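Dear colleague,

Please find below the structure that I am handing over to you, followed by an account of what was found in it.

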Amino acid sequence: MHDGVKQAERLVTDLLSLSKFPEKPLPENFESTLHRRIVEAAATRPAPAPRWGFLRPALIALSFVAVFAIGILIGRSAASPAPEDTGAPVAQKQDIKPQSLPQLVTTKTVVKRGEPVTIRLVYDSAKDIDKVRFSIVLDSGVRFRSGDPDIAAAPKLEWEGSLTAGRNEIPIVVASDDIGERVVRADARFNGTTVENVVTLIVKEDADA
Amino acid sequence: MTVDERQLIAAARKGDIPAFEALVRRHHRTLYKFALGITRGNEHDAADILQDALIKAFLGIDRFEERSSFPSWLWRIIRNEFLDRIRAQRLETVSLDEEEAEGCEPGHHDTPEKQLSDEERKRHLLGLVAALPEKHSEIVILVELMELSYEDAAEYLAIPVGSVRSRLSRAREQLTESVKKNMELFSAVGRHTG
């Protein structure tokens, strides 16, 4: 019996030595793939019920906290290219898909490859907020439609601005050269809070969205 | 928990993806090693299942309670995801032919039979480790297989270093007992190795 235990102990030691996990560098595209997959997962998950849901209207009304009701208005805008002067697009509202989650809004829409699509980021703020850091990041294959060549060539835009009490809209026009799912991610950061909008473009060769 | 970590967690709970990515980035290398171990070095599968687990963590971060440390919470999610896979033996169907096709060629001094037997032995051992009580399976994985220091293992498990030592000792006893009871798994392979 004792010999059996000794034999098993030796075997365990040998096996553990044999079974050491290998160490290799992470694949080069690990983080970018993970990011894309998280964005996709976030876009499809149902919005969790806020724990303070029954209080939310009152909180907004009383402005105790800067809670946003956010929506993204998306419209395919083949007839509304970006203005040539500033790059600020003029949108044609065709579809409204706001969701209820205060800090993360996700939307999907089908678009045709190469066709401009207008995304309006809508922020309903309970009060004026200064020093809001905005950021818009495009997936590869997606580009800003702008008369400004610098903007048109940029994969990302960042700026500091402010929000006023009430409704604020930030329209952007983008187009995708690639087929498949492409993500446009827009953040607004202020006072330690981040509000994120994730728009998934389902890009097709001949979309009838 | 640092202030920075607390802020990142708060932001991640609100759906801030970059904040979540910043939280988990420093664990990628360690967790990838775990994934490589259970996929027997298959880099594609390892990356895939680690990403699956991290997505689960992102979607479930609302359930993180700050009574435990974030690394230990993350570890539990990853561990459960991976142990489930081991138990379901989803990753244990790679034939010798497939391994050779993936470039896992036998070493200079090993016959194909020896190579197969080592793979079999490792697979059986991993199965026995996964069948241990969780607190013992994870300590074996972290310290013996992933070769983490006691201090790093303690951080992932949110326990004192002394507890790492005592759990490891107990885990090895249990594993020895388990191997002894299943000696035929290893001796059957032993016939191939001579």
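**Chain A: overall build**

Of the 209 residues in chain A, 32% count as buried, where buried means that 20 or more other C-beta atoms, placed from the backbone, lie within 10 Å of a residue's own, exposed means 12 or fewer, and partly exposed lies in between. Please note that this is a predicted model, in which local features need pLDDT of at least 70 and side-chain atom pairs count only at pLDDT 80 or more, while totals for chains, interfaces and linings use all residues. Residues are numbered from 1 along each chain as its sequence is written, and chains are lettered from A and ligands numbered from 1 in the order in which they are written.

Chain A has 4 helices and 10 strands; these are DSSP runs numbered from the N terminus, helices being H or I with at least four residues and strands E with at least two. Along the sequence their pattern is α-α-α-β-β-β-β-β-β-α-β-β-β-β. Among contacts in chain A with a separation of 6 or more, 77% are between residues 24 or more positions apart. Two residues are in contact if their C-beta atoms, placed from the backbone, lie within 7 Å.

**Paired strands in chain A**

Strands count as paired if DSSP finds at least two bridges between them. Strand 5 (residues 129-138) of chain A runs antiparallel to strand 9 (residues 180-190) of chain A, with 6 bridges joining them; A:Val137 stands opposite A:Arg185 of strand 9 of chain A. Strand 9 of chain A is also joined to strand 10 of chain A, by 11 bridges and again antiparallel. A:Ala186, for instance, has A:Asn197 in strand 10 of chain A as its bridge partner. Strands 9 and 10 of chain A form a hairpin with 2 residues between them, and A:Asn191 in the turn has a positive phi of about 45°.

**Where the chains meet**

In the interface, 34 residues of chain A are in contact with 40 residues of chain B. Helix 1 (2-18), helix 2 (30-44) and strand 10 (193-204) of chain A each give two or more residues to this side of chain A. By class, that side has 20 nonpolar, 7 polar and 7 charged residues; Ala, Val, Leu, Ile, Met, Phe, Trp, Tyr, Cys and Pro count as nonpolar, Asp, Glu, Lys and Arg as charged, and the others, Gly among them, as polar.

**Helices of chain B**

In helix 3 (residues 28-38) of chain B, 8 of the 11 residues are buried, so this helix is largely enclosed by the rest of the structure. Among the buried residues are B:Leu31, B:Phe34 and B:Ile38.

Helix 9 (residues 150-157) of chain B packs against helix 10 of chain B at an angle of about 95°, with the axes 8 Å apart. The two helices are therefore roughly perpendicular. Axes are lines fitted to C-alpha atoms, for helices over the stretch in contact, and angles run from 0 to 180 degrees between N-to-C directions; under 35 degrees is roughly parallel, over 145 roughly antiparallel, 65 to 115 roughly perpendicular and the rest oblique.

**Confidence**

The mean pLDDT of chain B is 77, and 78% of its residues reach 70 or more; pLDDT is the predictor's confidence in each residue, from 0 to 100. Over residues 89-110 of chain B the pLDDT is below 50. Where pLDDT is low, the predicted coordinates should not be read in detail.

Yours sincerely
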